[in-house]
Amino acid sequence: MNIKRIISLAYDNVKTLAAALLIAVIIRSLLFQPFYIPSSSMEPTLLVGDRIFVSKYTYGYSKHSFPFSPNFSNKRYLSKSPNRGDLVVFKTPADNRTDYIKRLIGLPGDTIQFINGEILINEKKIQRKKTENKIIRCGNFLLETNIFIETLPNGLEHLVAYKKKGSLQNSKKFKVPPKHYFLLGDNRDCSKDSRYLDSVGYVNNLNLVGEAQLIFFSNDTNKSSLLKFWNLGNSFRFERLFKVL
């Protein structure tokens with residue numbers, strides 16, 4: 001094979017690879033992006049080891065829609081307002097780089113407060129109904145929790161977990177600023193979220209990345225990792241595959 005032929009083949013391969021990368025970046029930035037759940041802050045809704053697809057178009061686009069958050073604009077394009085109860089992926093205000101996923105509880109102008117262990121939105125209690133007791137994770141620890149069905153003011157229902165002993169009872173009153181949102185983890189006593197103003201706090205509309213839509217794969221990392229592929233059968237969570245969120 002002559003040199004020209006080798007160069008031509010190499011050039012064709014580079015073009016094909018570049019086109020594939022460009023398509024992948026477009027899909028990831030404008031349509032759907034996969035995320036891995038590394039913590040237990042959203043149990044029982046999301047488990048460590050879940051892999052989810054997040055829609056990038058739901059709230060429109062900002063610099064955080066693209067890889068590495070290039071600082072080309074401080075505006076949101078084709079912006080759409082999120083709904084209370086959405087599972088939102090966002091960049092943490094502390095560094096504008098780290099991805100978190102939490103549930104949207106407070107909209108701009110809302111007041112949020114914990115009183116006697118219950119959440120009040122604009123001074124009205126969120127309705128909740130106890131369903132079961134369950135042991136769930138909190139990092140390397142296990143918590144005895146009460147699981148409730150919470151019903152938000154817009155009628156959306158979701159599961160939440162509160163520690164049986166030592167659960168947060170009372171908090172200050174949080175007033176959500178304009179163009180910001182208040183988000184909480186469903187594992188209420190094992191979540192760094194908008195209650196922690198020094199690290200997360202109120203989340204700017206610009207920092208929204210997308211809405212969680214689907215669990216496409218899930219395995220229990222306590223039983224096996226993807227690297228130990230020969231043991232994956234023991235860790236697959238088949239009941240969670242392609243679960244709509």
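Of the 245 residues of the chain, 46% count as buried, meaning under 20% relative accessible area with a 1.4 Å probe and protein chains only. This is a predicted model, where local features need pLDDT of at least 70, side-chain atom pairs count only at pLDDT 80 or more, and totals for chains, interfaces and linings use all residues. Residues are numbered from 1 along each chain as its sequence is written, and side-chain values use heavy atoms, with hydrogens and water left out.

**Overall build**
- You will find one helix and 15 strands in the chain; these are DSSP runs numbered from the N terminus, helices being H or I of at least four residues and strands E of at least two.
- Along the principal axes, the C-alpha atoms fill a box of roughly 80 × 45 × 30 Å.

- Strands in the order 8-9-10 make an open sheet with antiparallel pairing, where two strands pair if DSSP finds at least two bridges between them.
- Strand 8 (127-138) and strand 10 (157-163) each have a single partner strand, so one side of each is left without a neighbour in the sheet.
- Strand 9 (residues 141-151) pairs with strand 10 over seven bridges in the antiparallel sense, and Ile147 stands opposite Ala161 in strand 10.

**Around helix 1**
- Leu31 lies in the loop between helix 1 and strand 1 (32-36).
- At 41% relative accessibility, Leu31 counts as partly exposed, the class between buried and exposed, with exposed being over 50%.
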